Amino acid sequence: MTGGAGMIGRRLVSRLAGRGIAVAVVDDLSSGLAMPAAATITHQCDIREAQEMFTLMRDFRPNAVVHLAAMHHIPTCENDRARCLDINVVGTENVLNAVTEVQAERIVLASSGAVYDWSDGPLREDISPTMARDNYALTKLSNESQLRLWSERIGGIGRVARIFNAIGGDDPNAHLLPDILAQLQGDQSISTVRLGNLESRRDYLHADEVADGVMAVLMDHRRQPFDVFNLCSGEEHSVEGLVGCLATCLGRPFRIEVDEARRRRRDRPSQLGAPNKTSALLGWRAKRDLRGVLEHLLAERSLA
């Protein structure tokens, strides 16, 4: 598993190990999170190191590979475009080449709901158009094409998990919820949260449920060579609505102050996923509503 020390990866490692499955983790540890204790083998490595990736694959001989490693904080991907392309596209090609050499038959790729073109209404795997509107989406669309071509070229089984907005208490990136919670530290009576785009609507789910979803995609034993699945809740909430729900969960008031420096000049208005296909074919569906997701997040952070 590449990126196995990340927020999703470490959860997936625990689930696989709980089933008695040996898991080798490759991660460069750039997230600041430690290697997962449940892994059979761990190795610190940048996926852009082609020879090292091949050596690791050859020594472990995996039956399947879950490819999670990527640069995925969108502002960072925009500010350092060349590095993002190098890690996400060239790095993915190194992983695919190494998998080909050791003849592993199955790859699961972590993609994103960001690959869909901007539109209102549920985004569906088989009918909703895709369009790269930022550098991160560009790399993920490229990754999906790379995996499809790999599947066609060698007859392997490729699966894409299009992950929507994952929330976890150990998120190491400067995403929306970690930023809000960092701002709320201090005065417990009333606080001000400085945010940018308030109207943007997103489909949120907890990292635990994402890990369960990736597991379901991995365990899809149909012989169809290539397929794509949304991992989403099927509900969307605005940033303002998310903050209001968080205030309710915390039981404390705070107000929002719009900070123009935080506003994205171009930000998709809606990103609502349709979970129907994943539910019908894999039996996976997110179980928590937004309040349940936030309550679980706060419980995680209180135990940290």
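**Sheet pairing and nonpolar cores**

Reader: Which residue stands opposite Val108 in S5?
Author: Arg159 of S5 stands opposite Val108. The model is a predicted one.

Reader: What makes S4 and S5 a pair?
Author: Pairing needs at least two bridges. Seven bridges join S4 (residues 106-112) to S5 (residues 157-163). The two strands therefore count as paired, and they run parallel.

Reader: What is the strand order of the open sheet?
Author: The four strands are ordered S3-S4-S5-S10, with parallel pairing.

Reader: What makes S3 and S10 edge strands?
Author: S3 (64-67) and S10 (226-231) each pair on one side only. On average, neighbouring strands of this sheet are turned by 20 degrees against each other, direction ignored.

Reader: How do you know that helix H4 packs on the sheet?
Author: H4 (residues 81-102) touches S3 and S4. Contact requires heavy atoms within 4.5 Å, so H4 meets that cut-off with both strands. The direction of H4 makes about 175 degrees with that of S3.

Reader: Which residues have the most contacts inside the largest nonpolar core?
Author: They are Met1, Val66, Val214 and Leu231, in a core of 34 residues. H1 (7-18), S4, S5, H7 (207-218) and S10 each supply at least two of its residues. H7 gives the most, with seven.

Reader: What does Val214 touch?
Author: Leaving out residues up to four places away in sequence, Val214 touches Ile8, Leu12, Val66, Val108, Ile163 and Leu231. Apart from this core lies another, of 22 residues, including Ile167, Val243, Ala247 and Leu298.

Note on methods:
Residues numbered from 1 in each chain as written. Predicted model: local features only at pLDDT ≥ 70, side-chain atom pairs only at ≥ 80, totals over all residues. Heavy atoms only, no water. Axes fitted to C-alpha atoms, helices over the stretch in contact; angles between N-to-C directions. Core = buried A, V, L, I, M, F, W, Y, C linked by side-chain atoms within 4.5 Å. Buried < 20%, exposed > 50% of the residue type's maximum accessible area, 1.4 Å probe, protein only.
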